[in-house]
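Me: Could you take a close look at one part of this model for me, the salt bridges and the sheet beside them? I'd like one connected walk-through, please.

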Amino acid sequence: MRSGKYIAFILFLLTAFQLSASYVVCTTYPIWLMTRAVAGNAPNIAIVLLMPADCGCAHDYTPAPQDLAKVMQKGTLLIANGLGLDDHIVNAAKKVNKNINVCWAAGYRDKIDAHYFINPGNAKIMLDKIAFILSKDAPDNKDIYYANKVKYHLQLNELSKQYKQLPLRKSVVLQSSTFIHLAKAANYDIILAKKEHDAFLSSSGLQKLLLTIKKQKPYAIWAEKGCIDPVIKMLKKHTKLPVIELDTMLRGVDEPPEDHFIKLMRSNLETLQKAAKQ
């Protein structure tokens, strides 16, 4: 039964490719969201997400055979994040399709952290790159891609402005490096609890972190929505700092609306604005 479903899936992908002048595969959920937004209602383009929508961070993901089947078609364009977030996915894709065309949306613009997309200002840069990539792949649609890019630029400009208008704070504790670029959007100094969300923190590391918090006096802890991290629970207990839960934009639903990435960014902003009033 499983092999039958696998064959049916391959046939579906082949049919989708044959009907489309442009077949685009995106490595990660945020790249997929932004690519769909730029493409909008453009004709003759199929946009596919390689990893499952609810999988989470690409760092924690190993491509399965049914996922790599999505990049086996001749003429596949693979849009990746870059910055080391999804290099292993790109390498796996190249093994099954040596002629695949790979482009990077974030590239190597900023080596501080790979989760470049979470900052509205950075997202503008990535939309520009995605629009350029898609226009080069399908020139007949370039006017549509440009118009969609401009439409979302306006909304991202407003979000960037509102992030800068958040109450001035000296610093914030981040659960992981995922939120570094978001903290930069609000001009906050950063105290990093852990580089990766699932990393282990030793007793000595925790004590050092608590001393840093005592010295710098951050206003809050930013953590992933639905956080069950024991380190964050300990920090909350020992520091009495409020924990603000934010969306990492790394996972979501299978069929989101076209402007879903904007809604996620706006939701994070509204969460921070609400916390500032408390």
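**Salt bridges and the parallel sheet**

Reply: Let's start with Asp 128 and Lys 149, whose side chains meet in a salt bridge at 3.4 Å, N to O. A salt bridge here is a side-chain nitrogen of Lys or Arg within 4 Å of a carboxyl oxygen of Asp or Glu. Asp 128 sits in helix 5 (residues 120-137) and Lys 149 in helix 6, so the pair ties together parts that are 21 residues apart in sequence. Helices (H or I, at least four residues) and strands (E, at least two) are DSSP runs, numbered from the N terminus.

Before going on, a word about the source: this is a predicted model, local features need pLDDT of at least 70, side-chain atom pairs count only at pLDDT 80 or more, and totals for chains, interfaces and linings use all residues. Residues are numbered from 1 along each chain as its sequence is written, and side-chain values use heavy atoms, with hydrogens and water left out.

Back to that pair. Asp 128 is partly exposed, with a relative accessible area of 32%, while Lys 149 counts as buried at 14%. For these words, buried means under 20% relative accessible area, exposed over 50%, and partly exposed in between (1.4 Å probe, protein chains only).

Lys 151 pairs with Glu 258, the closest N and O atoms being 3.4 Å apart. Lys 151 lies in helix 6 and Glu 258 in the loop between strand 8 (243-246) and helix 10 (260-277), so this pair ties together parts that are 107 residues apart in sequence. Lys 151 is partly exposed at 38% relative accessibility, and Glu 258 is partly exposed too, at 29%.

With a relative accessible area of 32%, Val 150 is partly exposed. Together with Tyr 146 and Leu 154, Val 150 forms a nonpolar patch on the surface, about 310 Å² of accessible area in total. Patches are made of residues with over 30% relative accessible area and no salt bridge; like charges are joined within 9 Å, nonpolar side chains (Val, Leu, Ile, Met, Phe, Trp, Tyr) within 5 Å. The areas come from the Shrake-Rupley method with a 1.4 Å probe, and for residues only the protein chains shown count as cover.

Now for Lys 194 and Asp 229, whose side chains meet in a salt bridge at 2.4 Å, N to O. This pair links distant parts of the chain, 35 residues apart: Lys 194 is in the loop between strand 6 (189-192) and helix 8 (203-216), and Asp 229 is in the loop between strand 7 (221-224) and helix 9 (230-239). Lys 194 is buried at 5% relative accessible area, and Asp 229 is buried as well, at 7%.

Two strands pair if DSSP finds at least two bridges between them. Strand 5 (residues 171-174) and strand 7 run parallel and are joined by 2 bridges, and strand 7 pairs with strand 8, also in the parallel sense, over 4 bridges. You can follow this through Trp 222: it is the bridge partner of Leu 174 in strand 7, and Trp 222 in turn has Ile 244 as its bridge partner in strand 8.

Strand 7, helix 9 and strand 8 also make a right-handed β-α-β unit. Right-handed means that, with the strands pointing away from the viewer, the path from the first strand over the helix to the second runs clockwise.

Lys 217, in the loop between helix 8 and strand 7, has a positive phi of about 55° although it is not a glycine. At 63% relative accessibility, Lys 217 counts as exposed.
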